[in-house]
Amino acid sequence: MDKIIKFLIEIGKLKKMPRRGWVIRDIKNPETIAEHIFRAALMAWVLAESKGKNFNVGKLIKIALVHDLCEVYAGDITPYDSILPRDKEKRRELLKTWPRFSEEEKKRLADEKYKKERVGLEKLIKDLQPKLRNEMRSLWLDYEKGLSREGRFFKHTDRIESFLQATEYWRINKNLPQNPFWVQARELHDDPVLLEFINQIDKEFHKKLKSRA
Amino acid sequence: MGLTSKVPAANIETTQKGMYNAIINRVNIMDGKTFYLTKEKLRGLQREYDELVEFERRKSLGEEAPKILESEDLNPEFVSFQEDVGFLRSRIDELRNILDHHEVIKNPAKDQQNVVGLGARVKIEVDGQKDEFTLVGTLEANPALGKISNESPVGRALLGHKAGDEVVVSSPIKTIYKIKSIKYEIS
């Protein structure tokens with residue numbers, strides 16, 4: 001039982017860990033990793049059910065719950081980290097665009113992130129009973145490598161939760177650049193249900209703005 | 001999501017006008033999806049399928065796992081699958097479905113290799129920065145590694161265009177993708 005308590009205390013740290021993507025953008029009181037996990041899990045469930053995806057919803061929600069646990073030790077890694085200037089003005093400029101890298105850099109950054117997170121996950125689950133440990137590892141690998149329809153769907157839902165959060169922050173602070181989030185969304189997502197959902201977010205946040213103007 | 005783009009085309013067997021729309025229609029109409037795969041990816045999936053089926057067979061007989069499955073570097077998922085029959089069976093079913101509904105991406109005819117289609121490596125300039133994409137099917141898409149799905153808004157918009165074209169993807173923010181060059185390197 002003490003090992004379960006230790007695991008729960010460790011993952012509880014995610015309730016206080018702000019997401020780095022918002023920290024580097026100077027968002028006040030940014031959402032935590034646990035808050036992101038909470039809404040991403042519900043988003044995946046609700047979207048899958050409402051659009052008749054015929055998924056294993058239990059598995060989908062478990063993937064959501066597990067996907068960022070590794071960040072207790074690995075931290076939250078953003079695509080900007082390797083090129084982020086210290087100078088605030090330069091940083092603001094950089095954050096106006098989606099970062100681009102050479103093929104070699106893309107591979108190196110992806111490998112480094114994967115290894116760091118894998119080590120973080122293993123450290124976190126090492127004392128759990130084997131069945132649970134293996135299930136958590138399998139769920140995380142499913143998410144990372146897109147091994148099932150549920151894993152692939154959640155990989156996209158995860159990004160769309162961040163996209164929705166960015167849009168919500170933008171509604172409060174119009175100085176928050178939206179461009180990188182839209183560029184990423186249009187290059188990344190290809191699931192019709194999720195593309196439709198992005199259109200709805202656009203309508204909800206931008207069309208209302210236009211109609212008020 | 002608004003796309004400002006010319007009528008796109010694609011190359012599966014050959015690049016022909018209307019082929020792209022036929023592909024998209026088929027993908028949308030079919031409940032079971034068609035998976036467009038490079039030969040390399042197909043080989044990998046077929047190998048994984050064979051190994052997992054063999055692994056499952058041996059496991060059911062109480063035999064030892066084949067040597068290759070013991071290397072976590074090669075197949076990290078297998079370590080977990082060894083303990084979890086549900087995951088193993090689910091992955092085998094997933095692979096079978098993909099292998100039953102796949103189509104291999106092939107190079108287009110030489111005179112069509114100046115047009116963006118599936119399998120094309122496209123050098124672009126966007127927001128003043130250079131980048132390079134490979135147009136792939138959904139299963140191989142990984143934008144972090146420069147692999148863009150042919151069903152994503154940007155993938156769809158690029159299809160059918162030539163070097164020198166400017167492809168505009170809009171709503172609500174306009175982004176211009178300038179195509180610098182197109183190459184096909186499918187093995």
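In chain B, of the contacts between residues at least 6 apart in sequence, 57% link residues at least 24 apart, two residues being in contact if their C-beta atoms, placed from the backbone, lie within 7 Å. This is a predicted model, in which local features need pLDDT of at least 70 and side-chain atom pairs count only at pLDDT 80 or more, while totals for chains, interfaces and linings use all residues. Residues are numbered from 1 along each chain as its sequence is written, and chains are lettered from A and ligands numbered from 1 in the order in which they are written.

Chain B holds five helices and 10 strands, taken as DSSP runs (H or I, at least four residues, for helices; E, at least two, for strands) numbered from the N terminus. Buried residues make up 34% of its 187 residues.

Helix α4 of chain B, residues 85-100, has 16 residues and spans 22 Å from its first C-alpha to its last, close to the 22 Å expected at 1.5 Å a residue, that is, 1.5 Å times one less than the number of residues.

| Class (other C-beta atoms within 10 Å, C-beta placed from the backbone) | Residues of α4(B) |
|---|---|
| Buried (20 or more) | B:Phe87, B:Leu88, B:Ser90, B:Arg91, B:Glu94 |

The contact between the chains takes 29 residues from chain A and 33 residues from chain B. On the side of chain A that touches chain B, α8(A) gives the largest share, seven residues.

Notes. Buried ≥ 20, exposed ≤ 12 C-beta atoms within 10 Å, placed from the backbone.
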